[in-house]
Amino acid sequence: MGHLRQEVEPHEVGLDPKALARLDQYFAHLVDDHRLPGCLVAVSRHGTVAHLAAHGWRDRAAGLPVETDTLWRIYSMTKPVTSVAALMLLEEGHFQLDDPIARFLPAFAEPRVYVDGSGAGTRTRPARQPLTIRHLLTHTSGLTFGFYHSHPVDALYRDAGLESSVAPGTDLAGTCEVYAGLPLQFEPGTEWNYSVSTNVLGRLVEVVSGQDLDVFLAERIFRPLGMTDAGFCVTEEQSERLAELYGEDSEGRVTPIAGLPLQGRPRFLSGSGGMVATAHDHHRFMEMLRRRGELDGVRLLKPETVDTMASNHLPGGVDRRTFGSPLHREPGNAGLGFGLGVSVVVDPEITRSPSSEGAFGWSGVAGTTFWVDPHRDMTVQFFTQVRPAGSHAHFPELKRLVHEAVRD
């Protein structure tokens, strides 16, 4: 069991305590106003935790506070972890980025691309190029999510029972077979569309390694890094530390909602969003990335692999607003490219909130987020548990307040 602890005073690493106090006041107010049940924010500089603050409740009805060892559903912050797993196998020579995924998952051998129509009247054509591992890592695969409700292919996902991305009654292998039987939304490599790609990547990890995804992550990432609570389920002892999941009502206030059961190993191991972790766990993962693949003598990736992961892979260096599918051509994607499993700042002048060029990270649907800022030698993580993603509205303010605290 790992508690995250503050290790230095902010001023010792070039952070302004008064600015960090404003950060705390902002989130304490959101908790007092019932906009968030509780939250935790941690800022580290030069490898040491310089600011750590917990506000509110992990279970409001039970009166249980957020603590430094609270367990959080990190949802899509699972994706960078799965991506690191795939990159470890890449380094070992099991595949190349531009290998067709069908080499390992034969169901994807003949992908078809949406042309027009809907439902039973959908017309498709053969894809002009294979779906590759690079496409999965960069979310340029043409796969999608059933919950988008923005394209006829999304509706086909829902018709196939994929509203929540998992085919009912199946495991990761079976669900990926269902994905493979549906048309791609666009030709691979021609647009950016956030999707179930990382579930397919997780299945690739299983096939190549010969291990179930949870076993591979535990043996190759969690244990070596000292991520003592991270995983896809919680024990009876851990359940006491698991934060309650909340949703927003029509007035923006939060009330408890049901989440996926976490007691017992799940049949479906979601490489896209199945993990739970503590702030201590995720701090260890971020620090490995900040240190370009190594932590406390344990090396998971070569420095150049992390550099490649954290570089923009969208064609011509464009951002997601420019290269995104119609759903993603929104102001919030301005200045943000995409690497191998992480968002990357490519133009801080036009991002919605203060950023450093080259900063990278990702977020989860229940309001969790993190970023690694190589320029400022800083990592930041934020946890709360509110679905849907209305709590993401606080991310720009989080970034503004953190950046105001940097004095050098």
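**Entry 1: E15 and its partners**

I began at Phe 370 and found that its bridge partner in E16 is Gln 381. The model I am reading is a predicted one. I then looked at the pairing around that bridge. E15 and strand E16, residues 378-383, run antiparallel and share five bridges. Four residues lie between these two strands in the hairpin, and Asp 377 takes a positive phi near 55° there.

Next I checked E14, residues 360-363. E14 is antiparallel to E15, with four bridges joining them. I noted one of the pairs: Ser 363 has Thr 369 of E15 as its bridge partner. The hairpin of E14 and E15 has five residues between the strands. Gly 367 has a positive phi in that hairpin, near 95°.

I call a residue buried when its relative accessible area is under 20%. In a regular strand, side chains alternate between the two faces of the sheet. I sorted E15 by direction. Thr 369, Trp 371 and Asp 373 point one way. Phe 370 and Val 372 point the other way. Residues on both sides are buried.

**Entry 2**

E1 (residues 38-45) pairs with E2 (residues 48-59) over eight bridges, in the antiparallel sense. Within this pairing, Ala 42 is opposite Leu 52 of E2. The E1 and E2 hairpin has two residues between its strands, and His 46 takes a positive phi near 55°.

E2 also meets E3, residues 64-65, through two antiparallel bridges. Trp 57 has Pro 65 in E3 as its bridge partner. I found four residues between the strands of this hairpin, with Gly 63 at a positive phi near 70°.

**Entry 3: E5 and E6**

I looked up E5 (residues 112-116) and E6 (residues 123-126). They run antiparallel, joined by four bridges. Asp 116 has Arg 123 in E6 as its bridge partner. Six residues lie between the strands of this hairpin, and Gly 117 takes a positive phi near 85°.

**Entry 4: an open sheet**

Which order do the strands take in the open sheet of three? I read E8-E7-E17, with mixed pairing. E8 (254-256) and E17 (386-387) are the edge strands, each with a single partner strand, so one side of each has no neighbour in the sheet. E7, residues 246-248, pairs with E8 in the antiparallel sense over three bridges.

How values were computed. Residues numbered from 1 in each chain as written. Predicted model: local features only at pLDDT ≥ 70, side-chain atom pairs only at ≥ 80, totals over all residues. Heavy atoms only, no water. Buried < 20%, exposed > 50% of the residue type's maximum accessible area, 1.4 Å probe, protein only. Pairing = 2+ DSSP bridges.
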